[in-house]
Amino acid sequence: FYEELMPVVASPEQLIVSETAISERANADGSKSVGVVNKIGLAAAAHLVSLDEIWKAQPPVLKVLFDLLLADGVRLGGKFHETPTLGVLAASNELPEEGNQLEALWARMAFRFDVRPLDRSGKFSMLQKRREQDLNGKEKPVQHLELVDLHTLQEARHLVVIGDDIFKDVLDIYEALVQKDQAGFQWLWDDDRRLDMVREGLQAYALMHGRTAVTRAHLAVLEYMLWNTQEQISVIRGVLAPYIRTPLSEVQELVDALLSPSGTVETVCKGDRSKGVPAITQCEEALKKIAELSGKASDDGMRKAIDTLKQQVESKKQDVVAVGTGQ
């Protein structure tokens, strides 16, 4: 594993050269030739690479970044060096500016996650958890993936069945997005490289859920693969909904609406006690609906996920009560 803060990387060598040595060679005329020998390492020697503040990367390192994202080796000084790269995770507080060379890097990132700050309930839970860990340590040791496990998963992904019906669904979704916002999603229709990423992403998503074939439910992963700007995420969710609707997706939709930043519940949590009663009523109605949908869950995994969302609503209800009672 290798991690780096990209704004401090000024050259390709700083990212992938672990050692530099001077070499001397005697020439036929008695003179000497002096050269530099680079030992490739650091990001080029890691299986997993984490790059923070990726959009603040300096132009000289772009070529190496492209190579790392393609995971098939890096080029330096006219020489090709094989790498063991399995994956690259990049993070940033903003997206690349339009017209910036870094947009080409963004185009090659298969899965995209819009991570928001924790809400009040989440912050409270985080503080409790950190306090508990400080006093007692972690509850149980983390079970690590071994390298052989990752290689096995890579090989198994190729074996996951994906039928023509799923391909047709994907293209229908593409067309629906273009119809809703041609200017915003034309790039998606034109990007055949991403279309193949989608095929592989669907297989991987199904595999990680213990399935040997891709089903419509696995189209949910497209939420993380088809957007270019945060505003497009809600459009994608709307188009995907008819394809992937399950008791879990309905609960998630219910919770998202209940805890909307502009909703009654969040308004109370921000200090407006006048709407306390309606907020509590909304939480109780949501909990009743969640219990109903939990009874329709198809397996234990879905029920567990629904229970997690239920706990989130219960915690939020307690926050509303606390604000309403002045605690």
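## Lysine 316 and its surroundings

The side chains of K316 and E266 are joined by a polar contact of 2.9 Å. This is a predicted model, and the values reported here are computed from it. K316 lies in helix α13, which spans residues 300-325.

With a relative accessibility of 0%, K316 is classed as buried, because buried denotes a value under 20%. Leaving aside residues up to four places away in sequence, K316 is in contact with D119, R120, S121, L259, V265, E266 and C269.

## The β1-β4-β7 sheet

An open sheet is built from three strands, arranged in the order β1-β4-β7 with parallel pairing. The edge positions are taken by β1 (2-5) and β7 (87-91); each has a single partner strand, so one side of each lacks a neighbour in the sheet. From one strand to the next, the twist averages 15 degrees.

## Strand β1 and its pairing with β4

Four bridges connect β1 to strand β4 (residues 48-52), and the two run in the parallel sense. Within this pairing, Y2 has V49 of β4 as its bridge partner, and E4 stands opposite L51 in β4.

The side chains of β1 alternate between the two faces.

Methods. Residues are numbered from 1 along each chain as its sequence is written. This is a predicted model: local features need pLDDT of at least 70, side-chain atom pairs count only at pLDDT 80 or more; totals for chains, interfaces and linings use all residues. Side-chain values use heavy atoms; hydrogens and water are left out. Two strands pair if DSSP finds at least two bridges between them. Axes are lines fitted to C-alpha atoms, for helices over the stretch in contact, and angles run from 0 to 180 degrees between N-to-C directions. Buried means under 20% relative accessible area, exposed over 50%, partly exposed in between (1.4 Å probe, protein chains only). A polar contact is a pair of N or O atoms within 3.5 Å; within protein, one must be able to donate a hydrogen and the other to accept it, and residues adjacent in sequence count only if both atoms are side-chain atoms. Contact means heavy atoms within 4.5 Å.
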